[in-house]
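Please open the structure in a viewer and follow the stops below in order. Each stop names what to select and then describes what is there.

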Amino acid sequence: MREPAGEGRLMVHSVDTGSTEFRMLRSLSASIGADPLLVQGAGGNTSIKQAGVLWIKASGTWLKNARDDEIMVPVALAPLRDAVSHRSPAAEAAGQFTLADLNPRQLRPSIETTVHALLPQKIVVHVHCVETISIAVQANAEALLEGRLRGLDWAFVPYRRPGLPLAQAIAERLKPATNVLVLGNHGLVVAADTVAEAALLLQRVTGLLARQPRPAPPPDLDALLRLAAGSDYRLPASAAAHAVATDLASCRIAASGSLYPDHVIFLGVGSLIAGPGEDAAAAVARTAAAPTSILFPGKGVLMRRDANAGAEAMARCLADVVARVDGAARVNYLSREENAELLNWDAEKYRQQLNSEGATLQ
């Protein structure tokens with residue numbers, strides 16, 4: 001059954017984090033987090049509502065660690081929902097609704113906490129599924145989804161900044177039976193009253209949205225090593241990351257701007273494309289700041305030597321997403337203002353800080 005919205009702080013000590021559903025959510029979260037086609041790095045989040053408490057993944061933590069690490073944060077559900085319904089700025093700082101006695105590590109709740117609180121279902125799963133994003137970045141995304149998701153209770157939500165603006169946009173399109181949300185330039189949300197139902201729904205939706213990626217030529221590793229010589233750049237950790245540059249259609253798509261928030265947070269705005277005859281040092285010399293990655297058309301990708309696991313995960317994600325976008329598709333990119341909004345947002349600065357510390361609470 002769905003949790004009543006009126007339950008709150010007085011019931012928190014009856015919360016059973018050892019319950020079967022809670023354990024199942026942790027297991028599902030870890031499974032999702034281990035699949036780079038669903039979640040990359042510290043992205044994505046899951047939650048469960050029980051006894052007036054919303055337990056949600058902590059900001060900056062990795063879902064793949066959910067089974068073995070305490071990454072879930074308790075939030076008082078009723079007052080947060082009240083703040084969301086009144087469009088209170090307090091809802092943006094969901095950390096003030098956390099329950100300190102159940103949060104000994106003093107972790108911050110996910111930046112998507114308002115979205116999870118808004119949905120009435122007990123279980124909410126939000127993923128940055130590459131199959132979904134590859135459709136959600138296209139100008140005709142809603143029409144493409146209509147053909148694939150017919151028969152499901154779904155809604156498409158045009159891009160809004162994560163957090164309260166996104167929750168408000170969802171509220172405008174949410175119907176009582178809606179349990180699938182496709183977020184423009186962002187990802188996928190599924191909701192259900194049990195973990196098992198959520199897992200099945202996620203599997204069904206991602207299957208309906210799946211398509212074969214464009215095949216990409218292999219990288220020219222010898223050439224890349226020569227281009228990296230004497231610079232602060234190296235080969236990426238994942239060979240799959242090279243496809244964004246070796247496939248010229250993918251490279252053209254990536255060259256035009258930022259496609260989704262986590263790209264901006266972990267790789268920076270857009271992608272730097274090396275020009276003909278440029279090595280890594282020459283490409284960097286024409287930029288204001290050394291980019292996290294450089295794309296060499298037809299050859300592959302180089303990563304800045306200090307790029308950490310979060311950036312590496314996003315480099316692979318970019319290749320996976322653009323390989324599923326038709327070369328002739330009309331693509332919606334984040335605007336200059338939307339990029340700046342993400343980079344200057346306190347919640348994302350917090351995630352950037354965790355990412356720069358290396359392990360991102362892995």
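**Stop 1**

Select α7; the elements covering its buried residues include α1, β4 (123–127), α4 (130–136), α5 (141–149), β6 (180–183) and β7 (187–192). Helices (H or I, at least four residues) and strands (E, at least two) are DSSP runs, numbered from the N terminus. This is a predicted model, in which local features need pLDDT of at least 70, side-chain atom pairs count only at pLDDT 80 or more, and totals for chains, interfaces and linings use all residues. Residues are numbered from 1 along each chain as its sequence is written, and side-chain values use heavy atoms, with hydrogens and water left out.

Now colour Val-195, Ala-198, Leu-201, Leu-202, Val-205, Thr-206 and Leu-209, the buried residues of α7 (buried means under 20% relative accessible area, exposed over 50%, partly exposed in between, with a 1.4 Å probe and protein chains only). Viewed down the axis of α7, these buried residues fall within an arc of 125 degrees, so they line one face of the helix (the arc is that of the directions from the helix axis to the C-beta atoms). Leu-200, Gln-203 and Gly-207, on the other side of α7, are exposed.

**Stop 2: Leu-224**

Leu-224 is buried, its relative accessible area being 0%. Show the residues that Leu-224 touches, leaving aside those up to four places away in sequence: Pro-219, Leu-235, His-242, Phe-296, Lys-299, Gly-300, Val-301 and Leu-302 (contact means heavy atoms within 4.5 Å). Leu-224 and Gly-300 are 76 residues apart along the chain, and their C-alpha atoms are separated by 7.0 Å.
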